[in-house]
Amino acid sequence: MNRFLSLLVSCIFTITSTYAQEKFTISGIVKDSSNGEVIIGASVYLKENKVGTVTNSYGYFSLSVPKGQYTLVASYIGYKTYEQPLSVTSNLQFDIELKADVVETKEVVIKSKKEDKNVQDTKMSTIDVSIAQIKKLPALFGEIDVLKNIQMLPGIQVAGEGNTGLYVRGGGADQNLILLDEAPVYNAAHVFGVFSVFNSDALKSAEIYKGGIPAQYGGRLSSLLDIRTKDGNNKQFNASGGVGLISSRLTLQGPIVKEKCSFIVSGRRTYADLFLIPFRKRQPQFEGVKLYFYDLNAKINYRINSKNKIFFANYFGKDVLQVAGFGIDWSNATSTLRWNHVYGKKIFSNTTLVYSNFNYGLGVVSGATAFRWVSNLREGTIKQDYTWYANPSNEVSFGISGSYRSFSPGRLEPRGDESIFKPFEMEKFYAIEEAVYLSNKQKLTTRLSVEYGLRYSLFQNIGKDSVLSYNGTPDDKTIVDTTFYDRFELIKNYQGLEPRISMRYLINDRSSIKTSYNRTYQYLHLLSNSSSPLPTAQWIPSTNVITPQNADQIAAGYFRNFKENMYEASVESYYKWMNNVVDFVDNADLIANPNVETEVRRGKGWSYGLEFFFRKSTGKTTGWISYTWSKTEFNIPEVNEGRTYFASYDRRHNFNIVVSHDVNERLNISGNWIYGSGRPITIPTQRFQFGYSIPGYIPSRNNYRIAAYHRLDLSATLNGKKKEGRRWNDSWNFSLYNVYMRKNPFTVFVDDKKVKDSTGTEKPTGEKEIKMIYLFKIIPSVTYNFNF
């Protein structure tokens with residue numbers, strides 16, 4: 001490793017030494033002129049020599065050029081192009097404010113030309129999600145959901161009804177690193193997956209990496225979803241919100257010190273349970289029923305000076321469900337404290353402290369069986385990241401991070417004096433994960449660019465804990481010893497090198513080909529035998545028995561833009577090898593099992609596919625079409641008798657159409673159609689006599705595919721009339737979810753076949769049949785939105 005790092009550093013400094021002539025630095029931040037929000041990914045370049053860059057996640061840019069006269073150009077889709085003549089005789093630092101472009105009702109509405117990132121960037125397998133665009137699309141119950149829109153992108157499987165899980169290029173729902181302002185979110189679902197935890201009113205940007213993941217990030221096998229919230233309007237106070245059929249939301253933002261310090265607070269709550277209040281006196285079964293969730297985002301940022309800025313972001317969300325004396329609740333809490341600092345003119349620093357807490361509880365409210373079961377996962381992380389803008393051809397990133405995690409699998413608490421239960425707590429797990437990385441984005445020629453790097457990760461499973469040793473396959477019969485470890489004593493150590501490389505060859509200014517390779521390690525495991533990511537699923541670290549998962553992925557693609565970047569198209573192929581993937585024995589007992597490793601089996605997996613994507617981002621008609629063909633299989637020696645089988649989320653075909661059309665300045669209509677071929681499940685296909693019972697016979701795991709999933713959604717947004725000088729703006733959104741009332745299977749099961757006799761009474765025939773459970777038919781919704 002030391003040799004590799006020395007060679008990498010040597011190469012970087014050798015390359016940069018060729019730019020030893022005197023140069024000056026132009027640096028600054030690109031912002032929205034109306035609210036002061038930084039613009040991520042804005043293009044900044046010099047007209048004369050075409051030297052350019054894009055702003056980072058904090059809106060920062062830096063260019064190094066020789067002494068001379070230049071014209072600086074900054075642009076971003078939806079904004080007017082900024083041009084500024086510069087006489088460069090020394091280092092220059094200033095902010096750029098872009099003004100929103102005027103939208104006309106013609107086909108071409110963006111006067112500034114968008115930087116051709118789809119073709120020019122070394123990134124591949126990466127898609128930016130427009131928050132403004134998804135707000136125009138149909139939404140279940142009127143709740144705009146960034147995760148459900150991401151599920152319509154290529155390479156991401158249709159998860160199915162009531163499931164916000166992401167299944168990316170053959171990976172499971174637990175193999176995605178989901179970050180909210182750099183803090184990990186361990187369960188991103190409300191209402192068992194019907195909605196996600198992300199309130200669109202608070203979001204600024206969302207970007208998903210399906211491959212070519214930067215060396216800065218690690219810890220998951222399949223993807224990175226990087227979500228950033230707004231910083232808050234630092235120019236004037238602003239309020240926005242909406243009132244829907246099942247929920248309402250409100251966002252407040254404004255300056256604390258104008259153009260120096262700002263805040264944003266955004267909250268939403270469902271109130272389906274409030275509709276039950278009038279019925280509780282007349283119908284006792286509704287007494288005590290609770291069904292709601294709420295979110296709260298809060299953020300404050302303070303610009304100390306041109307070189308220092310501090311951010312403090314928080315999120316808290318909770319679900320509560322209580323019916324017939326049984327209750328379940330779960331919550332996420334995250335906090336992020338960031339300090340941005342610029343050293344000189346070329347080094348950008350980001351110091352981050354992160355806290356994340358996920359917990360759930362369930363139990364019986366009263367009576368002799370009253371109890372409460374609670375479980376949680378806590379994480380604290382410190383990170384230090386640097387970006388060195390060495391010269392126009394090299395952008396070097398490096399950093400270090402460390403995380404401490406505490407896993408509490410479960411604790412039983414009796415409720416009341418009548419409870420028959422005794423207090424009980426399962427042993428906790430503790431772990432430390434550290435990483436260091438170094439990467440360089442290098443322009444080798446005018447046509448060839450490459451981004452290469454290396455990440456080293458170290459994982460330590462530590463005490464306090466008692467650890468079982470097994471002689472052979474872990475089960476209750478092969479336990480041979482128990483070893484006790486003190487607090488912070490090392491139990492098991494794992495480490496891994498994770499090389500990352502992406503290359504882009506520019507065919508011309510409209511098309512390019514790209515390739516990438518990355519290796520990833522995952523030291524955490526989600527124990528769940530459900531096809532949907534339930535809140536009761538248990539996270540555990542790698543142990544002396546359960547080893548880390550790792551994956552290697554290669555990808556290649558062709559990228560082409562048309563009509564001055566109005567249309568972008570791409571086709572990508574990928575192949576992924578996965579080692580130590582986790583699955584479970586038949587009838588696995590995962591709840592409150594102190595020896596849960598006896599239910600886990602490990603093996604290999606692989607996935608490959610082809611993805612097509614066509615998107616139109618400008619004009620009065622926007623949207624995209626995506627198609628994915630993919631295949632994902634596992635081979636785990638002690639599962640399915642060692643035979644290869646399909647992953648439970650394997651879908652051969654996924655097809656999506658998304659369209660949004662501005663009829664005029666006030667009316668927008670939009671729709672989406674989603675199709676996913678059937679996913680596999682395990683069901684018995686035969687029965688046999690065994691004593692007095694007739695059990696079912698299952699020939700293999702995931703031996704049956706449920707019906708294909710498809711639906712059509714439509715929506716219309718009517719904006720209020722705008723009056724000169726009035727700040728109040730409002731709109732009405734009308735949506736229809738599942739327009740043609742498709743009964744999409746949530747799950748299927750085998751049950752007795754029954755027929756009605758002459759009296760209309762249902763009687764069993766002695767045969768079995770497959771029955772389906774579905775969640776939604778057509779769902780209309782209406783939402784009133786406002787902004788002032």
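Which residues lie nearest the centre of the second largest cavity? They are Ala173, Ile178, Tyr186, Asn187 and Ala188, among the 23 residues that line this cavity. This is a predicted model, in which local features need pLDDT of at least 70, side-chain atom pairs count only at pLDDT 80 or more, and totals for chains, interfaces and linings use all residues. Residues are numbered from 1 along each chain as its sequence is written, and side-chain values use heavy atoms, without hydrogens and water.

A cavity here is a set of points, on a 1 Å grid over the protein atoms alone, where a 1.4 Å probe fits but cannot get out; lining residues have an atom within 4 Å of a point. The volume of the second largest cavity is about 280 Å³. Volume is the space filled by probe spheres set on the points, which are joined across faces, edges and corners. Strand 10 gives the most to this lining, three residues. Strands are DSSP runs of E, at least two residues long, numbered from the N terminus. By class, the lining has 17 nonpolar, four polar and two charged residues. Asp, Glu, Lys and Arg count as charged; Ala, Val, Leu, Ile, Met, Phe, Trp, Tyr, Cys and Pro as nonpolar; the others, Gly among them, as polar.

The whole structure holds 13 cavities of 30 Å³ or more.

Four of them form an open antiparallel sheet in the order 3-2-5-6. Strand 3 (52-54) and strand 6 (82-88) are the edges; each has a single partner strand, so one side of each lacks a neighbour in the sheet. Two strands pair if DSSP finds at least two bridges between them. Strand 2 (residues 43-46) and strand 3 share three bridges, in the antiparallel sense. Val44 has Thr53 of strand 3 as its bridge partner.

Strand 4 (residues 60-65) pairs with strand 1 (residues 24-32), antiparallel, over six bridges. Thr25 stands opposite Ser64 of strand 4. Six of the six residues of strand 4 are buried, so this strand is largely enclosed by the rest of the structure. Buried means under 20% relative accessible area (1.4 Å probe, protein chains only). Tyr60, Ser62 and Ser64 are buried on one side of strand 4, and Phe61, Leu63 and Val65 on the other.

Methods: Helices (H or I, at least four residues) and strands (E, at least two) are DSSP runs, numbered from the N terminus. Buried means under 20% relative accessible area, exposed over 50%, partly exposed in between (1.4 Å probe, protein chains only). On a 1 Å grid over the protein atoms alone, a cavity is a set of points where a 1.4 Å probe fits but cannot get out, and a pocket is an open set with protein on both sides within 12 Å along at least five of seven lines; lining residues have an atom within 4 Å of a point.
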